[in-house]
Amino acid sequence: MPKFLCLQRSLPSGRDDAEKPSPAQMQAMYAKFNEWRETFQANLVDLGGRLGKGKVALPEPAPDGPLVEIKELVGGYMIVSATTLDEAIAVARACPGLVRPGSAVEVIEIQSPG
Amino acid sequence: MTTSLGEHFFRHEFGRLVATLSRRVGLRHLEAVEDAVQEALLAAVDSWPKTVVPDNPSAWLYRVAHNRFVGELRRQARRGALDELHAAAEPEADESAPELRLAGDVRDDLLRMLFVCCDEAIPIESQLALALKTLCGFDVREIAARLFTTEANVYKRLGRARSCLREPPLREADVTTDRLTTRLPVVQGVLYLLFTEGYLSVHAETAIRRELCDEARRLTTLLAEHPVSATPETFALLALMHLHTARMAARQDVAGGLVLLEDQDRSRWDQTLIHEGLHWLARSAAGATFSRFHAEAGIAAEHCVAPSFAETRWDRVIECYALLERVAPSPLHLLNRAVATAELHGPAQGLALLEGIDPPTWLSGSYMWSAVLADLHRRAGNDAVAESYRRTALETAPSASIREVLTRRLARAGARSR
């Protein structure tokens, strides 16, 4: 089954989560995430994690043009398997808290040789 | 992979972590501590389901919260508050095994925090809000819903409490054993209030109210288990909480309406809670003290052990109310005694108790006073007087469910007259 790289991206227009979740809400988030994980167990190859600071290693001499700060845009990653891109998107979309105001997910097929 | 945590894991961990961390670094950092703990819990939500729940979740959370706290202080230090950093980071030098400490002292830390929340300098409504925030892990919105007030008001109450705690002399030095003993009645009072907010609230929904009662019971159990606060009054308070909570589910019908004691399905009362309540009541009988909690627990116990409403030992209920009036004088207790007296000796005797009483306006203007008088007068055959009290009772009922129960109860009062 094809694999897909999912990148969580912060949307520049979206507001940052203004309200911090309360402990009771975190309890609910935790339960929801586990529920999602169990539902899509077969699809989840690598739950990945949050991404921190990064730097682009450039060839010398550096090309001209604006270079994007990685951490500003990509917050986390995971790898899912699915038969189609749409199915992979459905899995990612169902992940609690991933697709919401201020956050989107980019799903990219990982091509295997042959 | 095991991922199951306790039902209120995050809320209760919040309380534990805030209590422990603020003891380590000082109460003046309470807000920063709360933020750090919040972040640690979020980190757990984020990472545990993806990897594994650590063997000792509390120790994991403590480590992360502490690191966040120190990190935040460093950021502040760069902005000039270097002394603060040293003061706060110093005690951590000996921290080699946080697990051990967490397993041992965490109850002490929670208890200490409870006593801090009940500092005499803090107004009572702020004490309550602070306890709900720091010990129970509710946020401002949740506290507002539970105390039936606005978020702005909760902010104000919390701000007041925090500024009291920041005022010199630093309050934490105050929490010595001597202080604990003198402050114990205040702590019991706050827990009692927390419980009654849940038990008696006419506003909030059942689940929320039950949660408040459970929190009050949890914190009172802490008191009962610590040598400093394990007194007969604490045991009596804990008994009354158990005995009231045992009957909570039966107080409401399927539609959420109130069910009067005499109509309750007694098989729905929680026998485990009744059992525990009676156990604490027995323990509260040690020593020479008799508090209002003893009297109230005694009354609740009589109801809990009565096989039916008619078979209630009204003589003992009356006796307990009389004792209650003595230790905590209030015309409300007299009103209750009149109700019990009417059950034992008839409505005329009940009314006789209330004769010549000039109730304060908060009572005479409340639906309870009018409802009892309407009921007793109807049963005594004074229909005209009864009718006027009935109308007042319905007009002053504070909620739809109370008005509903009064309508039912007062309509049939005539049929019960003896």
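Guide: Two residues are in contact if their C-beta atoms, placed from the backbone, lie within 7 Å. The model shown here is predicted.

Visitor: How many residues of chain A are in contact with chain B?

Guide: On that criterion, 14 residues of chain A are in contact with 16 residues of chain B. Two elements of chain A, α1 (23-39) and β2 (44-50), each give two or more residues to the side that touches chain B. The largest share, 9 residues, comes from α1(A). By class, this side of chain A comprises 7 nonpolar, 4 polar and 3 charged residues.

Visitor: How is the packing of two helices described?

Guide: One gives the angle between their axes and the distance between the axes. In chain B, helix α6 (residues 124-134) packs against helix α8 (residues 151-166) at an angle of about 95°, and their axes are 8 Å apart. Angles of 65 to 115 degrees count as roughly perpendicular, and α6(B) and α8(B) are therefore roughly perpendicular to each other.

Visitor: Which residues meet there?

Guide: From α6(B) come E125(B), S126(B), Q127(B), A129(B), L130(B) and K133(B); from α8(B) come V154(B), R157(B), L158(B), R160(B) and A161(B). This contact has 5 nonpolar, 2 polar and 4 charged residues.

Visitor: What span should helix α3 of chain B have?

Guide: At 1.5 Å a residue, the 22 residues of α3(B) (residues 57-78) should span 32 Å, and the end C-alpha atoms are 32 Å apart, which agrees.

Visitor: Which residues of α3(B) are buried?

Guide: They are L61(B), Y62(B), V64(B), A65(B), H66(B), R68(B), F69(B) and L73(B).

Definitions and conventions
Residues are numbered from 1 along each chain as its sequence is written. Chains are lettered from A and ligands numbered from 1 in the order in which they are written. This is a predicted model: local features need pLDDT of at least 70, side-chain atom pairs count only at pLDDT 80 or more; totals for chains, interfaces and linings use all residues. Helices (H or I, at least four residues) and strands (E, at least two) are DSSP runs, numbered from the N terminus. Ala, Val, Leu, Ile, Met, Phe, Trp, Tyr, Cys and Pro count as nonpolar, Asp, Glu, Lys and Arg as charged, and the others, Gly among them, as polar. Axes are lines fitted to C-alpha atoms, for helices over the stretch in contact, and angles run from 0 to 180 degrees between N-to-C directions. Angles under 35 degrees count as roughly parallel, over 145 as roughly antiparallel, 65 to 115 as roughly perpendicular and the rest as oblique. The expected span of a helix is 1.5 Å times one less than its number of residues. A residue is buried if 20 or more other C-beta atoms lie within 10 Å of its own, exposed if 12 or fewer, and partly exposed in between; C-beta atoms are placed from the backbone.
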